[in-house]
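Reader: I am new to this structure and would like to learn how to read it step by step. Could you take me through the main features, giving the general idea before each case?

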Amino acid sequence: MKTTACPKCGNFVSRNSKQCPYCGVNVSKRLDLKNLAVIGVVILVGVGLASTLQRKSLDTLQLTSELAYEGEVADGKANGKGRMTYRNLGTIEGRFENNSLVGTGILVTPDGKTRKVTVKNGNIGFLD
Ligand SMILES: [Zn+2]
């Protein structure tokens, strides 16, 4: 019969037994440590996933004296749905990547007019 020394009393006990027959201490520690390692990995993966999901947050950014953003932010930049306000032009609502409008946005001018806009070569272009 294979035996192992009890970590508490030092008596030799069968490896198959979960409890030391002399002092009653749990001798299946190896299995416990394995379970702890698995739990640790599960927790690490969970924390990693949570931080990935939290990386995008709602925030306001003052990008320049002329330019402010309010909406989804990641890596300190406009990344996601939001509203970019140009001091002299108005507010563009749309989807942004690295502070730049992607696709079509809706511009609301300071006098309340609504226009479709897009960004080409870094410039705002009107689509209507
Ligand atoms: Zn023992």
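Author: Let us start with domains, whose bounds come from an automatic or database domain assignment. Here the protein chain is divided into domain 1 (3–54) and domain 2 (57–126), and the centres of these domains, taken over C-alpha atoms, are separated by 54 Å. Residues are numbered from 1 along each chain as its sequence is written. The model is a predicted one, in which local features need pLDDT of at least 70 and side-chain atom pairs count only at pLDDT 80 or more, while totals for chains, interfaces and linings use all residues.

Reader: Which pattern does the protein chain follow along the sequence?

Author: Helices (H or I, at least four residues) and strands (E, at least two) are DSSP runs, numbered from the N terminus. The protein chain has 1 helix and 9 strands, and read along the sequence these give β-β-α-β-β-β-β-β-β-β. The radius of gyration, taken over C-alpha atoms, is 31 Å, well over the 14 Å that the globule rule (2.2 Å times the number of residues to the power 0.38) gives for 128 residues, so the protein chain is more spread out than a compact globule. Along its principal axes, the C-alpha trace spans about 90 × 25 × 20 Å.

Reader: What share of the residues of the protein chain count as buried, and which residues form the largest nonpolar core?

Author: A residue is buried if 20 or more other C-beta atoms, placed from the backbone, lie within 10 Å of its own, exposed if 12 or fewer, and partly exposed in between. By this count, 14% of the 128 residues are buried. A nonpolar core is a set of buried Ala, Val, Leu, Ile, Met, Phe, Trp, Tyr and Cys residues joined through C-beta atoms within 7 Å. The largest one has 9 residues, namely Y69, V73, A78, M84, I92, F96, L101, L107 and V117, and at least two residues of this core come from each of β4 (67–74), β5 (77–86), β6 (90–97) and β7 (100–108).

Reader: How many bridges join β5 to β6, and how many join β6 to β7?

Author: Two strands pair if DSSP finds at least two bridges between them. The antiparallel strands β5 and β6 are joined by 7 bridges and by a hairpin of 3 residues, with R83 standing opposite E93 in β6. Strands β6 and β7, also antiparallel, are joined by 6 bridges, and R95 has V102 in β7 as its bridge partner. In their hairpin, which has 2 residues between the strands, N98 takes a positive phi near 50°.
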